[in-house]
Amino acid sequence: MAAVAAPATTTPPNCTVYVRNLEERIKIDQLKESLEEIFSEYGNVIEIVAKTNLKAKGQAFVVFDSVEAAGRAIDEINGFELFDKPMVLDYARTRSDATVLREGGEEELEAHKRRRGAEKERKQAHEALEAQKKLKRPPGAVVAPNEPSGRPAKAAKGAGLKPTSGAAATVIPDEYLPPNKILFLRDLPDTADQDSLTAVFARFEGFQEVRLVPGRKGIAFVEYENESGAISAKEATSGMPMGETGKPIRVTYQRQ
């Protein structure tokens, strides 16, 4: 089948082509090989990203070394049949890791990943909030990630929730709180102290201090100069085993 004209798009041109409507039953290696053969006719392909998870099936990202090559591919291959299904092409909404690394180096790539992680967590927090609104939870109820819809969980005692007047407030589960610069640590071993926690969390950019809670074991706060440092620390330490028993610690953002 001949290629058809590319659809109108509001996505800004960039080096990465988003490909969808791909045959989901084809093995990833075979799919990437076929995409490489087709797209390399239009420029230098530096990376093809295709994943096996259910959400990403039928999709791929083809990364060129120039915006011009990506544009030529979209103009000429959109609608071309691959494994009996017409491909649908557009510019990707964000730059690929390979492009960021190539244009800005390791430091820019790390910043790009932190921004992506922050955006993902903001999206999760928003989705959790919307889910609670739809379920019309009673005041103070919390939606647990795998909780059956008919059995709302109770708000944890001492969770630091602020009372509201008028309509009941919707409580976001700790795991879906939006990023900020202060981390809340829980399930710490009794032996955890200022020095041992500082040794772990000072490795991340913008570390300022560890704050223990007088009279309370098992919890602490860690503050960074900005949320990017806190994001990196949370991603690296959440669920990390600590202490003699190796029990995983819980790391979330502090409620604002």
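Good morning. One caution first: the model is predicted.

Let me start with the whole chain. It has 256 residues, and 38% of them count as buried. The chain holds 5 helices and 12 strands. Now look at contacts between residues at least 6 apart in sequence. Of these, 64% join residues at least 24 apart. The exposed surface comes to about 15400 Å². Carbon and sulfur atoms supply 50% of that surface.

Which order do its strands take? The order is 8-9-7-12, in an open sheet of 4 strands. Their pairing is antiparallel. Strand 8 and strand 12, residues 250–253, stand at the edges. Each has a single partner strand, so one side of each is left without a neighbour in the sheet. On average, neighbouring strands here are turned by 25 degrees against each other, direction ignored.

Take the pair of strand 8 and strand 9. They run antiparallel to each other and pair over 6 bridges. In that pairing, F207 stands opposite Y224 of strand 9. Helix 4, residues 194–201, packs on the sheet. Helix 4 touches strand 7, strand 8 and strand 9, and its direction makes about 145 degrees with that of strand 8. Then there is helix 5, residues 227–237. Helix 5 lies across strand 7, strand 9 and strand 12, and runs at about 155 degrees to strand 12.

On to charges. Side chains of opposite charge can pair when their charged atoms come close. How many salt bridges are there? The count comes to 4.

Is E223 buried or exposed? E223 is buried, because its relative accessible area is 13%, and buried means under 20%. The side chain of R211 meets E223 in a salt bridge, 2.6 Å from N to O. R211 lies in strand 8, residues 207–213, and E223 in strand 9, so this pair ties together parts that are 12 residues apart in sequence. R211 itself is partly exposed, at 26% relative accessibility. Shared partners join K181, E209, R211 and E223 into one salt-bridge network.

K181 also bridges to E223, with the closest N and O atoms 3.8 Å apart. K181 sits in the loop between helix 3 and strand 7, so its bridge to E223 ties together parts that are 42 residues apart in sequence. At 35% relative accessibility, K181 counts as partly exposed.

Elsewhere, R25 forms a salt bridge with E23, their closest N and O atoms 2.9 Å apart. The two ends contrast. R25 counts as exposed at 73% relative accessibility, while E23 counts as buried at 14%.

D65 is partly exposed, at 26% relative accessibility. Where does the chain bring D65 and C15? Their C-alpha atoms are separated by 6.3 Å, although they are 50 residues apart along the chain.

Within helix 2, the buried residues are A69, A70, G71, A73, I74 and I77. What covers them? The cover includes strand 1 (16–20), helix 1 (28–39), strand 3 and strand 6 (88–91). Just after helix 2, G79 takes a positive phi of about 90 degrees.

That's the tour. Thank you.

Definitions and conventions. Residues numbered from 1 in each chain as written. Predicted model: local features only at pLDDT ≥ 70, side-chain atom pairs only at ≥ 80, totals over all residues. Heavy atoms only, no water. Buried < 20%, exposed > 50% of the residue type's maximum accessible area, 1.4 Å probe, protein only. Helix = DSSP H or I, 4+ residues; strand = E, 2+ residues; numbered from the N terminus. Contact = heavy atoms within 4.5 Å. Areas by Shrake-Rupley, 256 points an atom, 1.4 Å probe, with all protein chains shown as cover. Pairing = 2+ DSSP bridges. Axes fitted to C-alpha atoms, helices over the stretch in contact; angles between N-to-C directions.
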